[in-house]
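Here's a quick briefing to read with the viewer open. Have a look at the model first, then work through the points below.

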Amino acid sequence: MNGNGQPSTRSSPAPNGDGRARSGPPVAEAIDVSKRYGPTVALDRARITVHSGETHALVGRNGAGKSTLVSILTGLQAPDAGQIRFGGADAPRLSDRDAWRQRVACVYQKSTIIPELTVAENLLLNRYDRGRGGLINWRGLRQRARDLLALWSVDVDVDSRAGDLSVEQRQFVEIARALSFGARFIVLDEPTAQLDAAAIARLFDHIRDLQQQGVTFLFISHHLQEIYEICDIVTVYRDARHIITAPVAELPRDELVAAMTGEAAALQAARTRNGPAGPAEVVLDVSDLRMGGFYDDVSFQVRSGEIIGLAGAGGSGKTAVAESVVGLRTPDAGAVTVGGHRPRPGDVNAALAAGVGFVPQDRHQQGLVAGMSIADNATMTITERLGRAGFLSTRRRDTVANRLIDDLAIKTPGPDLEVSGLSGGNQQKVVMARALANDPRVLVLITPTAGVDVRSKEFLLDKVDEVADTGTGVLVASDELDDLRICDRVLVMFQGRIVADMPSGWRDHDLVAAMEGLTVDA
Amino acid sequence: MPETMTTANAATADAAVAAGPPPGRRVGKLAIARLRDLALVPAIVLIAIVGQIINPVFLQPDNLINIAQTMSEIGLLVLAQTIVLVSGKMDLSLESTFGLAPGVAAWMTVAVGAGHGTGLLSGGWAIPVTLLVGALIGLANAALIVRFGLHGFIVTLGMLIVLRGLLTGISGGQTFFNLPESMMYLGTAVWFGVPASIWICVTLFAAGIILLGYTGFGRSLYAIGGNVDAAKAAGIRTDRVLWTALTIASVLAALGGLMLSGRLASVAASQGNGAIFTVFAAAVIGGVSLNGGKGTMFGAFTGILLLFMIQNVLTLAGVPAQWIGALNGAIILIALVVSRITGGKAHE
């Protein structure tokens, strides 16, 4: 049932039969596209060419420019320089959303579904069937939605509430909606991140079906295994540049990993760490920690003076483990022992009292109160030491704060400046200062150098080294190779489990491969 | 009448299901969705029975008309608030608009000498002035919330205080009497044996059900309230829709205030004062979410109907007037708990 004034071409053009033909101009191409955000170069004369019917993988480490390319390819942003072409013709104007929707669609990790509305309404939002008197004809609309889902073989009930769908069903619905606009080129931005193995298999079956029907995919994933499973061509970006485009079959895994990490990185001088001399006391003992949906069966020990890395890609569980140690999350089972004590699980205050200092993942969210001064932020965890009977001595606070400011070389006119006035690197130093304020026996750092400049990064990492030398045990949860390089040992997590234990002196290559869930024969 | 409307809808929906492919699950889900809409109907029936037992006057036509007429004015506020809430905003200033809009009309049309009237305009202007004031307040709210991106709660809280103050200012804190004929009409006229204000209230609720359920504008309110980014991505002009919604709501509040002024033949400086709490309570009891994107106009109607029936029963039962306030509050809390149990989902 299509009618009621709606042009039929919008809802369901027939899929063309010869999907995989490579004739004609590419479905989409980016030619020498550059994009800057302030001082950061997000894309530097990057290019990509996607041909009809292929499934093209785009890989790269964090910050390689993938997301920027996606937002430019889908018309959310204009490139500073360079060109986007669809089917050989120039891209439409940015304001012409309908024209973009007919050429390209993106299924983002973040849902664009409205949970309280039915699947049918979500599919045809703002494209209603009109009945008598211009009122919405729900019956026709439901039927059209049903036809649409049937056409693309999506088995979802159009009358169910969209919020009740599983992640996988939601993605199918979003793909069907994208196709209903006429787009035959679809960007999937890490579609498997929140799916379990069975759902991933079903998604891939579906992608293969759609490939047969002539739909072209650009597939972005952190899991290289998946790329070998369903993609034809892979393009690698690194440091905002295009590195290589090759058929998946002709690019062995170790070469792919090498292209992602770059050989330059491998040449960097390794830091030398002595580690604790001789047997040292265990300051942090994590045994059989388990948390449903995040990690399972995690055990390790950190000794006094030791730096242990916890590596893993997004979703590997490394952050959840580190947050469980500091009491931000409550594990389902297992024990965390800090210097002989067992702080109550899920209680940050107890963890701090037991001697844990920590730098949380996101300094804006959890690390700092932007409108408060440096002194207040840095001493937030030790207020009880700054005065008597619950009253603060501002003099004592400033003394402590000044010591921390000197210690961490924070560039500020004084302790009273609001932290929002500091640069990213200096803000992170304040977070670090707070972590160190209570002279912790165990220091837990979660992505401690994310978004800070090179100088501050060097400084912060040297500081961690220094703190470890005084006998503090350090746990660094990160996927940044530079953060992990200072570690005596790196534990690699993949899908919630520790899969590798690498002593200092690992090769970048091997570590990245392990984080991506691959085993590369050295 | 809203009741008959929805039964008709339910019937067509069932027909659609029967005509479609068989899966039984969908029939069940649809039925449940409809049931949630009707969640308060059993409570209304129960109150009617209890009322009848307490005092046989309860189900007399005169008493029912009395309930319907006293709720018709506040009902328009509930209608207005529901439109705003579904779009994910809230408008506290409706209760002040409810007083100020007819207040300004009275101030301009009541002859000099009688209270604070200025007699600037002839009586015929009263209704247009009332509605115009409502529209201007709605536009001002929209400008602050949509254009300047301020938080709706605080903006309309400030507006509530300003508008109340304006009414106190122009009236000198007193009540306007000797209203022109046109202002009295809607509150006093009787059409086909039933007061005009009841006809207006019911007709507007029926229109509201159609607006929210069957027009692109209404559905875009749900989309905006549910996920504004998704609504934008679907090509909905979210700003324009919000401007319209806030303006419509204020005009409805002005109309409600006009009806009350007509019925009482006066505009008190405190007209509508405190009404917003009953309005929010009715909407939430009726299943409208304070977080937006959820709830129906019919549900909101049952919410306000239930509250007024309970109040009426209390009065008939001879509860002393001093205690009505405390009981009202308690009833709102109980009604929330009951609707939480029958609705099955947390109020957000």
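Two helices of chain A meet through G425(A), Q428(A), K429(A), M432(A) and L436(A) in α16(A) and R455(A), S456(A), L460(A), K463(A) and V467(A) in α17(A). Sorted by class, the residues of that α16(A)–α17(A) contact come out as 4 nonpolar, 3 polar and 3 charged. Keep in mind that this is a predicted model.

**The α16/α17 pair in chain A**

- Helix α16 of chain A covers residues 424-437 and helix α17 of chain A covers residues 454-469; they pack at an angle of about 15°, with axes 9 Å apart.
- Because of that angle, α16(A) is roughly parallel to α17(A).
- As for handedness, the crossing of α16(A) past α17(A) is right-handed.

- D439(A) isn't a glycine, yet its phi is positive, at about 40°.
- You'll find D439(A) in the loop that runs between α16 and β16 (442-446) of chain A.
- D439(A) counts as exposed because it has 11 C-beta neighbours inside 10 Å, and the cut-off for exposed is 12 or fewer.
- Q495(A) is another non-glycine residue with a positive phi, near 45°.
- Q495(A) sits in the loop between β18 (489-494) and β19 (497-503) of chain A.
- Is Q495(A) buried, exposed or partly exposed? With 16 C-beta neighbours inside 10 Å, Q495(A) counts as partly exposed.
- Helix α9 of chain A itself (residues 253-261) has L256(A), V257(A), A258(A), A259(A) and M260(A) as its buried residues.

- Chain A has 522 residues, and 48% of them count as buried.
- Take the contacts in chain A between residues at least 6 apart in sequence: 68% of them join residues at least 24 apart.
- Which residues touch the most other members of the largest nonpolar core? They are I186(A), V444(A) and L475(A), in a core of 251 residues.
- The element that gives the most to this core is in chain B: helix α12 (residues 238-264), with 14 residues.
- Setting aside neighbours within four places in sequence, L475(A) contacts L284(A), V302(A), I308(A), L310(A), A322(A), V325(A), V442(A) and V444(A).
- One of those partners, V444(A), is itself among the residues that touch the most other core members.

**Where the chains meet**

- The contact between the chains takes 18 residues from chain A and 23 residues from chain B.
- On the chain A side of that contact, the residues split into 8 nonpolar, 3 polar and 7 charged.

**Chain B overall**

- Chain B has 15 helices and 2 strands.
- Of its 348 residues, chain B has 46% that count as buried.
- Among contacts in chain B with a separation of 6 or more, 77% are between residues 24 or more positions apart.

**The α5/α13 pair in chain B**

- Helix α5 (residues 94-109) and helix α13 (residues 275-285) of chain B pack at an angle of about 130°, and their axes are 8 Å apart.
- α5(B) and α13(B) are therefore oblique to each other.
- The residues that make the contact are L94(B), E95(B) and F98(B) from α5(B), plus A275(B), I276(B) and V279(B) from α13(B).
- In class terms, this α5(B)–α13(B) contact has 5 nonpolar residues, no polar ones and 1 charged.

**A closer look at A282(B)**

- Helix α13 of chain B is also where A282(B) is found.
- Why does A282(B) count as buried? The reason is that A282(B) has 29 C-beta neighbours inside 10 Å, where 20 or more is the cut-off for buried.
- Not counting residues up to four places away in sequence, A282(B) touches V78(B), A300(B), G303(B), I304(B) and L307(B).
- From A282(B) to I304(B) it's 22 residues in sequence, but 4.8 Å in space, C-alpha to C-alpha.

Methods. Residues numbered from 1 in each chain as written. Chains lettered and ligands numbered in written order. Predicted model: local features only at pLDDT ≥ 70, side-chain atom pairs only at ≥ 80, totals over all residues. Contact = placed C-beta atoms within 7 Å. Core = buried A, V, L, I, M, F, W, Y, C linked by C-beta atoms within 7 Å. Helix = DSSP H or I, 4+ residues; strand = E, 2+ residues; numbered from the N terminus. Axes fitted to C-alpha atoms, helices over the stretch in contact; angles between N-to-C directions. Parallel < 35°, antiparallel > 145°, perpendicular 65-115°, else oblique. Left-handed = near helix turned anticlockwise from the far one by under 90°. Nonpolar A, V, L, I, M, F, W, Y, C, P; charged D, E, K, R; others polar.
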